[in-house]
Structures are given as C-alpha cells and as structure tokens.
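Hello,

Here is the structure for you to look over. My notes follow it.

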Amino acid sequence: MITEDPGLHLLWYTDKIYIKPLPQYLMNYAFWKHFLSEATPDLRKAALGYVRSYYYLVLHHSDFDIAIEKKLIDRTMDFAELLYFLRSFRDIGDDAVTPRYRYGELRLSRLNFFSRIYRFELFYNEVYWRYDYYFAQIIVPIVYIFTTVSVALAAMQVVLAAEQLGHTSTWTAFISTSQWFSVTCLFLAAACIIFFPTMVCIFLVREFAYALSNMHQ
C-alpha cells in the first residue's frame with residue numbers, strides 16, 4: 001500500500017504493508033548539502049533513517065523490479081545507480097537516525113493498541129471504516145468465553161443430575177460414565193481458559209525479550 005505519510009512507512013497489517021515512495025529530491029546531493037545540512041537534527045536523522053530503510057528494501061534486482069512496478073521509485077532510475085546511492089547509507093549507525101528507524105517493519109495493530117495507553121487515542125491509524133470489522137474483533141473472544149462457560153455449566157448440570165438419580169443398579173453405568181465425562185469436560189474447559197491466555201503471555205514476553213536484546217544492535 002503506497003502512502004505519503006512517513007508515519008506509516010513500513011507498518012504492516014494482516015496482508016498489507018505501507019511503504020512511502022522514495023522521492024527524487026532525497027537522491028539529490030545538493031538537497032542534502034544545502035537543505036538538510038541546515039535542518040533540525042531530528043529532521044536530518046529522520047531523512048537518514050528513511051533512506052537507509054530503502055537500502056534494506058532494495059537489495060536485489062528483483063526488489064528493484066517490484067519497486068518500479070509499485071511506483072516506489074522513479075522509473076528512470078537505473079538499478080546500478082540506485083544501489084550505489086543506497087550503499088552510502090549502509091554504514092549509518094542507529095545513533096544517527098531517529099528511534100523509529102532503528103527498527104524495521106512494525107505491526108500496526110500493536111501500535112493501535114499501545115496508542116490507547118501512551119497517547120490516549122483510540123488508534124494510531126484507522127484501518128477499517130466499517131462497523132462489521134469492529135464487531136468481528138469483539139465477537140471472537142466473546143464466543144470463546146461463552147462457549148467455554150457453556151461447556152462448564154452443562155458439565156456441572158450433568159454431574160448434579162447424575163447425583164440425583166442415585167446409584168441404582170439400572171443406572172449405575174450411565175451415572176458413572178456421565179460423571180467422569182462431565183468432569184473431563186470441566187478439566188478441558190479449565191485447560192482452554194488457562195492455555196490460550198498463557199500462550200498469548202508467552203508470545204508477548206518472547207517478543208519483548210527479542211526487542212530488548214536487539215535494542216542496541
């Protein structure tokens with residue numbers, strides 16, 4: 001998805017990734033020398049980080065063909081010339097760019113979530129503008145909770161009903177089967193309640209540890 005907003009550059013959501021096209025003026029030596037040399041340090045660092053990201057995006061001729069097809073770079077640009085230009089940004093360290101460009105692509109859904117905590121905004125960037133998408137995100141956890149609770153309640157009712165029948169010779173096998181099957185369903189429901197949140201926590205801790213380990217690289 002082509003975007004002209006630098007704040008969306010290299011943000012991805014499901015099967016889409018936003019990329020800002022590389023303008024020609026950022027490949028002009030005079031522009032860097034006369035304009036960006038006198039710009040604020042943050043603006044210069046942002047420009048360095050933005051162009052450096054294209055060094056990692058266009059590493060091979062196939063990347064160049066895709067960039068031309070998606071109109072991310074000018075069609076008059078030669079692959080060898082572009083590669084020679086981008087290689088000058090290869091050795092730029094993370095200290096010379098803004099914190100955003102110390103990382104590669106970022107998940108937009110994660111930014112939307114944390115924007116509610118740190119920026120007190122509902123979204124970092126609105127993705128969908130239809131109500132059914134919002135309800136689809138809410139319905140899945142509600143259905144999961146409702147199904148798990150329903151299974152647990154049904155199992156408990158079977159246990160209580162089996163106890164009320166009494167241990168008669170006619171119903172002994174059925175009562176015993178109902179009891180152990182109901183208890184098994186209760187254990188399975190409890191396992192589901194514990195398993196999925198635990199897996200989410202493990203994934204979050206794993207990603208957080210990975211981010212910390214690569215923060216200063």
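At what angle do helix H1 and helix H2 pack, and how far apart are their axes? The angle is about 160° and the axes lie 11 Å apart, for H1 at residues 29-36 and H2 at residues 41-57. Axes are lines fitted to C-alpha atoms over the stretch in contact, with angles from 0 to 180 degrees between N-to-C directions. Helices are DSSP runs (H or I, at least four residues), numbered from the N terminus.

First, the source. This is a predicted model: local features need pLDDT of at least 70, side-chain atom pairs count only at pLDDT 80 or more, and totals for chains, interfaces and linings use all residues. Residues are numbered from 1 along each chain as its sequence is written, and side-chain values use heavy atoms, without hydrogens and water.

Back to the helices. H1 and H2 are therefore roughly antiparallel (angles over 145 degrees). The contact (heavy atoms within 4.5 Å) involves Trp32, Phe35 and Leu36 of H1. From H2 come Leu43, Arg44, Ala47, Leu48 and Val51.

Now the rings. The whole structure holds nine aromatic pairs (Phe, Tyr or Trp rings, the six-membered one for Trp, with centres within 6.5 Å). Tyr25, Phe31 and Phe35 form one aromatic cluster. Tyr25 is partly exposed at 46% relative accessibility, and Phe31 is partly exposed at 22% (between buried, under 20%, and exposed, over 50%, with a 1.4 Å probe and protein chains only).

Best wishes

Conventions:
Helices (H or I, at least four residues) and strands (E, at least two) are DSSP runs, numbered from the N terminus. Angles under 35 degrees count as roughly parallel, over 145 as roughly antiparallel, 65 to 115 as roughly perpendicular and the rest as oblique. Rings of Phe, Tyr and Trp (its six-membered ring) pair if their centres lie within 6.5 Å; planes under 30 degrees apart count as stacked, over 60 as edge-to-face and the rest as tilted.
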